[in-house]
2 protein chains.
Amino acid sequence: MTDVILAGIGQTEVGEHWGIALRDLAYAAIKEALADSGGLQPQALFVGNMLAPNLSNQAHLGALLADHFGMRGIEAVTVEAAGASGGAALRQGYMAVKSGLVDVALVVGVEKFTDQVGAGVDEAVATASDSDFEAVQGLTATGQAALLMRRYMHEFNVPADGFAGFPLVAHANGAGNPNAMFRKAIKPEVYGKAEMVSDPVNLFDAAPNADGAAAVILTRADLLPKEFSHPLVKIAASAVSTDTLALHDRHDPLGFWAAREAVEAARHKAGITLEQVDFFEYHDSYSIYAALALEAAGFAPRGEGWKLASDGSIALNGRIPCATMGGLKARGFPGGATGLYQAVEAAIQLRGAAGPCQVAGARFGMMQSLGGPASTAVVHILEKIEA
Amino acid sequence: MTDVILAGIGQTEVGEHWGIALRDLAYAAIKEALADSGGLQPQALFVGNMLAPNLSNQAHLGALLADHFGMRGIEAVTVEAAGASGGAALRQGYMAVKSGLVDVALVVGVEKFTDQVGAGVDEAVATASDSDFEAVQGLTATGQAALLMRRYMHEFNVPADGFAGFPLVAHANGAGNPNAMFRKAIKPEVYGKAEMVSDPVNLFDAAPNADGAAAVILTRADLLPKEFSHPLVKIAASAVSTDTLALHDRHDPLGFWAAREAVEAARHKAGITLEQVDFFEYHDSYSIYAALALEAAGFAPRGEGWKLASDGSIALNGRIPCATMGGLKARGFPGGATGLYQAVEAAIQLRGAAGPCQVAGARFGMMQSLGGPASTAVVHILEKIEA
């Protein structure tokens, strides 16, 4: 089948963007992606967004953004799968190009988490859980993470600072990413002194809600303009799996089943082993999610994912570099834009343009976008095409 | 290219479903569609929904519905384009099957408009407009329709009862649809006495917000099970176009430009003339939208679409039968489910199973799903494959 190429990438800084409208944030990322593509003209727009209908009182983002960018008339739609909205939108764009119905697809993820004019952020995020059975009881996303982390620590005898390595690596890498929300490495003792958000999840175990937009252009290899001058990166595989939305419906809450299924399906489609994956952009909205995602993917046995954080495995020069440009923890977590940030960062890595964050000689990059506690898991494997 | 077949259809009654949860409403439609398909197993679920995050405090419907139906693990995502969400979800399912990445796609539209636990319905619907510039000024969807209708009446000298034929035909047809919200024909004098909702839009010029769910199964012709016993209906064409989200940004507010573009693109793809279209399921959320959609599609010259309502043209035995099973006006307008109701009803027509609503000898059915004042327009043409 035809290769689908990441033919343009763009992103804004992640942070608190109170002075810029949702549509303008998306505009900035789209503009950069189109320029990067060397002049491609998209025929379809897929918008990854999680909470704009609640936080910004704005649904119908497809028509809004297509018009705002001067692309009035093109096909445009919003794709939502909670925190995995960005990954899901990328997959819709991929399918559109694969189908032959669309030659050039633009996928943009945009979210304004911190600057709310509608509902409050906790109330809004709770709509992504099983509202009738979880949110109404007062369970928040961070509360869910705390339940999982506590159980994990109990089952596997994890010490209080057992998860410290996840934010330490993320912040160390974020320091080298000019678009990261936090660009400063943190010291181990800072983790130990951090306030609890929802015991045992401390301030550094939870990724910051943020504002941002990231965009990619997808097209077939034969449609690349002559002006396209970057090393070629293709989508080698795309896979989605789902699990129960409610955490209490799981037989095995510590097994991120959908995360495992999606990784296996993607690896199978790409025809590669786990050892061939050069880096892994996981969805570290919470430290415990990072540990469970490493185990689900097969990088660590059950109950031992946390050890990879402190033994050097996930560092840039480790066995399986993770959160290479800061991850959700240090780059920030701009909701439905997150999966697109992962795609942009993975493309930068595979182009060899990641500067201080570079993973040497990377050929295959895997990224995973999660909605809820891996209730939705979207996995893409990107591959650098050797010249 | 491979034909994509509507291999299963299901729907619930449209109405006020206060006693049944959103997930159970979707369940009922999915169950019927799967049974109708003769045993197909979907690998992917596309959910068309407009306002559940606001009205029902529930986003992340993909994972929720996949699990609730016992299909845990399958790919699942929500597709949103305001009132066109159902049509947009159908298109994503179509692209998924066309791409070869998915063999069997399930597309379900579900909405609970009347039974709100979250935001109020006017506030929620306003998120589908250009919130920063329209909703904050107090402009509602019905207010937009009133502005368009008043201008249209002024420009083209339309009498006060000029639009009466639209609800009259819709209600006459709805009387024959066991799933319609209103199953009773109305008399012309009733229209004249109706209360104003937003002058000149009266009660019968506005479709009722409703609850409901409708589902279709899509697959390739070669994957149909032997048990599938219905006449074959395929998606002959699918097209989407967009216009400005804000009505005030239009150079020509009375030209539903995106609606025209999408119809032309779909006709071109299907390779048929306008005369070959045997019926047209338009998006008659307001009578004025029906008139403008008829003109945009080319069934009437500018300023004369309203005449088709009273001269018999849109009746079941007319030149271009519309709202054949009641349309949005009499079947009801269950938000993001509406586009799927259109698909289910069009398939019933093409199977020759529409009973008192049957359009004799129908081969090509066109349906149009609109978001806002045709800010998004999704058009599908279905075709009965001759045995």
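**Notes on a two-chain predicted model**

1. A:His60 is found in chain A, in the loop that runs between helix 2 (52-55) and helix 3 (61-68). The model is a predicted one, and the backbone of this residue deserves a look: phi of A:His60 is near 55 degrees, a positive value in a residue other than glycine. A:His60 is classed as buried because its relative accessible area is 1%, where the class requires a value under 20%.

2. A:Ala323 sits in the loop between helix 11 (307-310) and helix 12 (327-330) of chain A, and with a relative accessibility of 1% it counts as buried.

3. The next backbone feature is a cis peptide bond in each chain. In chain A the bond from A:Asp199 to A:Pro200 is cis, with omega near 10 degrees, and A:Pro200 falls in the loop between strand 5 (196-198) and strand 6 (201-202) of that chain. In chain B the bond from B:Asp199 to B:Pro200 is cis as well, its omega being near 10 degrees, and B:Pro200 occupies the loop between strand 5 (196-198) and strand 6 (201-202) of chain B.

4. Helix 3 of chain B, residues 61-68, is largely enclosed by the rest of the structure, because 7 of its 8 residues are buried. The buried residues of this helix are B:Leu61, B:Gly62, B:Ala63, B:Leu64, B:Leu65, B:Ala66 and B:Asp67. Just after helix 3 of chain B comes B:Gly70, whose phi is positive at about 80 degrees.

5. Turning to packing, the largest nonpolar core comprises 91 residues, and the members with the most contacts inside it are A:Val216, A:Leu218, B:Val216 and B:Leu218. Leaving aside residues up to four places away in sequence, B:Val216 touches B:Leu6, B:Gly8, B:Ile9, B:Leu90, B:Ala105, B:Leu106, B:Val107, B:Leu340, B:Ala343 and B:Val344. In soluble globular proteins, nonpolar side chains tend to be buried together.

6. How many residues of chain B are in contact with chain A? The contact involves 55 residues of chain B and 55 residues of chain A. The area buried between the two chains is about 4,400 Å², and carbon and sulfur atoms account for 52% of it. Of the area that chain B buries against chain A, 15% is supplied by B:His60, B:Glu80 and B:Leu101, which is more than any other three residues give.

7. The structure holds 6 cavities of 30 Å³ or more, and in the largest cavity there is about 170 Å³ of space. Its lining has 20 residues, with A:Pro53, A:Glu80, B:Met50, B:Pro53 and B:Glu80 lying nearest the centre. Helix 2 and strand 3 (75-80) of chain A, together with strand 3 (75-80) of chain B, each supply at least two residues of the lining of this cavity; helix 2 of chain A gives the most, with 3 residues. By class the lining of the largest cavity consists of 10 nonpolar, 8 polar and 2 charged residues.

8. Among open spaces, the largest pocket has a volume of about 730 Å³. It is lined by 35 residues, of which A:Ala141, A:Thr142, A:Ala207, A:Asn209 and A:Tyr286 are nearest its centre. Helix 5 (121-126) and helix 6 (141-156) of chain A each contribute at least two lining residues, and the largest share, 4 residues, comes from helix 5 of chain A. The lining of the largest pocket divides into 23 nonpolar, 9 polar and 3 charged residues.

9. The second largest pocket has a volume of about 610 Å³. It is lined by 30 residues, and the closest to its centre are B:Val125, B:Ala141, B:Thr142, B:Asn209 and B:Tyr286. Two or more lining residues come from each of helix 5 (121-125), helix 6 (141-156) and strand 10 (364-371) of chain B, with helix 6 of chain B providing the largest share, 3 residues. In the lining of the second largest pocket, 18 residues are nonpolar, 11 polar and 1 charged.

Methods. Residues are numbered from 1 along each chain as its sequence is written. Chains are lettered from A and ligands numbered from 1 in the order in which they are written. This is a predicted model: local features need pLDDT of at least 70, side-chain atom pairs count only at pLDDT 80 or more; totals for chains, interfaces and linings use all residues. Side-chain values use heavy atoms; hydrogens and water are left out. A nonpolar core is a set of buried Ala, Val, Leu, Ile, Met, Phe, Trp, Tyr and Cys residues joined through side-chain atoms within 4.5 Å. Buried means under 20% relative accessible area, exposed over 50%, partly exposed in between (1.4 Å probe, protein chains only). Contact means heavy atoms within 4.5 Å. On a 1 Å grid over the protein atoms alone, a cavity is a set of points where a 1.4 Å probe fits but cannot get out, and a pocket is an open set with protein on both sides within 12 Å along at least five of seven lines; lining residues have an atom within 4 Å of a point. Grid points are joined across faces, edges and corners, and a volume is the space filled by probe spheres set on the points. Ala, Val, Leu, Ile, Met, Phe, Trp, Tyr, Cys and Pro count as nonpolar, Asp, Glu, Lys and Arg as charged, and the others, Gly among them, as polar. Buried area is the accessible area (1.4 Å probe) that two parts lose on being put together, summed over both.
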